[in-house]
Amino acid sequence: ARSLGSLALEALKRIGGATVALAVPQPQASRRRWLTDLAEVSEGGYSWPLLHRAINAGRLELMRRLLNAMASPDVSDSRGRSALLVATTAGHWDTAAELLKEGCRADGRNGTLALAAVQRASRGGSPEEADKARELLDVIYERQQRAPAATLAEFFRRQVQGEVTHGIEPRRFEFRGEELHLRAGSLRVWARALVIDGGAEQHDVLFIALSPEDYVPGDPQAETLDLGGRKLLREEHLLRDSVLFAAPVAVPSSRLAPAARNGTQAVKAEAAGRLVGKLPVVARTPPCGSLYVSGTASCCGVSIGRIEIVVNGTRIGETPELGPGSEETSELKVSLPLKELDVALELSGQRLKQERLFCSPGTELLADVPVSIFVYVQPIEGEDLDFVFVCGHRRDVPLEDGARAFVGEAQWDCGSFRLATLEPLVLGPAGCLDRLKSLVLRPDLPAGRSYEMVEWEDTGTCQFQRCIVNPVRVGKIFGV
């Protein structure tokens with residue numbers, strides 16, 4: 001069963017499908033093995049989707065393989081329970097985090113119940129479990145405010161309605177420049193929709209297949225297209241017909257002709273009589289603004305990645321992460337509606353900049369990032385030993401491996417602060433090497449435990465950027 005399951009998942013991934021049927025051999029020994037494997041993740045029943053069974057059994061790797069094979073993270077069981085609700089009520093926080101990372105929804109009744117389960121865990125249980133649950137709270141709140149698009153059609157419909165769509169693309173697709181690429185396939189789609197009659201209240205989103213010569217996303221020449229006599233496809237036909245290049249078209253429902261037998265549709269001309277079929281049917285890409293976001297370390301002026309962009313209170317993305325000692329610039333381009341927006345830049349929850357902007361094409365926003373770190377304690381498995389680390393981003397604290405907040409005093413050449421939770425320790429705007437070399441930590445320790453510092457080593461690069469990329473060990477706690 002496991003071998004067949006692996007083949008099935010790979011087949012699903014290659015064809016972009018979501019369902020597979022397997023024929024089980026008749027010999028009793030084969031059937032027994034098959035049923036044993038299924039029972040391990042189904043608790044003896046088969047009314048749950050396989051994704052729910054894997055989650056309930058704590059099979060994180062199996063869940064990942066299902067999601068990689070494009071199983072929907074939003075599937076519900078026969079009782080209407082989402083995968084996220086199953087994970088949170090079972091206390092499988094790593095699984096819940098993975099589902100959220102994969103773009104599952106957290107709205108509606110399921111989202112409310114999942115949030116309640118996470119809130120309960122964040123207030124009780126072990127400190128380790130509470131930390132993991134708290135990590136999920138902000139993500140679920142954010143997801144409730146701004147659910148990802150379930151389909152391409154929904155994505156472009158929300159775009160046409162003026163919503164900021166960066167970061168809500170369907171999970172089967174990813175942004176690459178001015179395009180959306182199918183993750184497990186060859187389909188490429190323009191990232192901005194062509195619109196017929198932008199003043200209409202309701203639009204249907206269909207797609208037009210393009211030749212490689214006509215497919216030029218981002219080219220001003222391609223922002224107007226004559227659809228006269230052209231056939232439009234529904235989203236489900238893009239994969240069925242093995243389309244490689246496509247452009248989305250938002251059409252008022254009243255302008256669509258009835259579907260042909262093969263599922264294609266055409267746009268009806270507004271003219272009547274003898275002019276029908278002679279005048280062009282023009283679709284245009286509405287103008288939009290663009291925001292270029294980047295960040296630099298206030299200490300050394302080098303580029304800093306992982307800067308989060310928050311628009312009207314909602315996080316929509318972050319600048320790319322850079323490698324160790326990278327001299328590249330981490331920049332993110334975001335397409336935004338042509339209207340006034342409240343834009344903020346943050347790093348790991350720390351507000352760096354906030355402005356009220358009308359984002360015309362080519363608007364730039366740069367964040368000046370002060371030297372700030374997180375201090376945490378990492379137990380070493382099987383030993384009476386804890387290592388103390390500093391890192392530049394809260395997400396780098398390995399809570400899933402038992403890491404916890406450093407509790408105690410922190411002192412450096414420009415100040416001091418008492419740490420009790422995982423909060424940023426801001427060392428100052430300049431001199432990252434001097435600040436970190438002067439840092440002295442004094443943990444609160446019970447009797448029989450001692451702390452030993454590790455001298456900070458100068459690697460010849462920006463030390464703050466070094467912390468952003470990788471945690472650095474600064475001491476150890478051991479028994480005496």
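1. Is Asp 226 buried, partly exposed or exposed? The model is a predicted one, and in it Asp 226 counts as partly exposed because its relative accessible area is 39%, which lies between the 20% and 50% cut-offs. This residue belongs to strand 6. Leaving out residues up to four places away in sequence, Asp 226 touches Pro 280 and Val 281. The C-alpha atom of Asp 226 is separated by 9.0 Å from that of Arg 284, although the two residues are 58 residues apart along the chain.

2. The chain as a whole may be described next. It contains twelve helices and 24 strands. Of its 480 residues, 45% are buried. When contacts between residues at least 6 apart in sequence are considered, 63% of them join residues at least 24 apart.

3. Helix 6 spans residues 93–101, and its buried residues are Trp 93, Thr 95, Ala 96, Glu 98, Leu 99 and Leu 100. The cover over these buried residues includes helix 3 (50–56), helix 4 (60–68) and helix 5 (83–89), together with helix 7 (108–123) and helix 8 (127–145). After helix 6 comes Gly 103, which has a positive phi, near 90°.

4. Helix 7 also contains Ser 122. With a relative accessible area of 10%, Ser 122 is buried, since the cut-off for that class is under 20%. Apart from its neighbours within four places in sequence, Ser 122 makes contact with Ala 130, Ala 133, Arg 134 and Leu 137.

5. Helix 9 covers residues 152–160; Leu 152, Ala 153, Glu 154, Phe 155, Phe 156 and Arg 158 are its buried residues. These pack against strand 1 (173–176), strand 2 (179–182), strand 3 (188–190), strand 5, helix 10 (235–240) and strand 7. Just after helix 9, Gly 162 adopts a positive phi of about 95°.

6. Aromatic rings deserve a separate point. A pair of aromatic rings is described by the distance of the centres and the angle of the planes. The structure has seven aromatic pairs. In one of them, the ring centres of Phe 155 and Phe 156 are 4.9 Å apart and the planes stand at 85°, so this pair is edge-to-face. Phe 155 is buried, at a relative accessible area of 0%, and Phe 156 is likewise buried, at 0%. Phe 155 and Phe 156 also belong to one aromatic cluster with Phe 175 and Phe 207.

7. Another aromatic pair is formed by Tyr 215 and Phe 245, with 5.0 Å from centre to centre and 45° between the planes, a tilted arrangement. Tyr 215 sits in the loop between strand 5 (203–209) and strand 6 (224–226), whereas Phe 245 is in strand 7 (residues 245–252), so the pair ties together parts that are 30 residues apart in sequence. Tyr 215 and Phe 245 are both buried.

8. Two positions show a side chain of Arg or Lys over a ring face. Arg 473 lies over the face of Phe 387, 4.3 Å from the ring centre. Lys 476 lies over the face of Phe 478, at 5.6 Å from the ring centre.

9. Backbone angles form the last topic. Most residues other than glycine have a negative phi. Ser 242 is located in the loop between helix 10 and strand 7 and counts as exposed, at 58% relative accessibility. Asn 312 is a further residue with a positive phi, about 50°, although it is not a glycine. Asn 312 lies in the loop between strand 10 (308–311) and strand 11 (314–318); at 46% relative accessibility, it counts as partly exposed.

Terms used. Residues numbered from 1 in each chain as written. Predicted model: local features only at pLDDT ≥ 70, side-chain atom pairs only at ≥ 80, totals over all residues. Heavy atoms only, no water. Buried < 20%, exposed > 50% of the residue type's maximum accessible area, 1.4 Å probe, protein only. Helix = DSSP H or I, 4+ residues; strand = E, 2+ residues; numbered from the N terminus. Contact = heavy atoms within 4.5 Å. Phe/Tyr/Trp six-rings, centres within 6.5 Å; stacked < 30°, edge-to-face > 60°. Lys NZ or Arg CZ within 6 Å of the ring centre and 35° of its normal.
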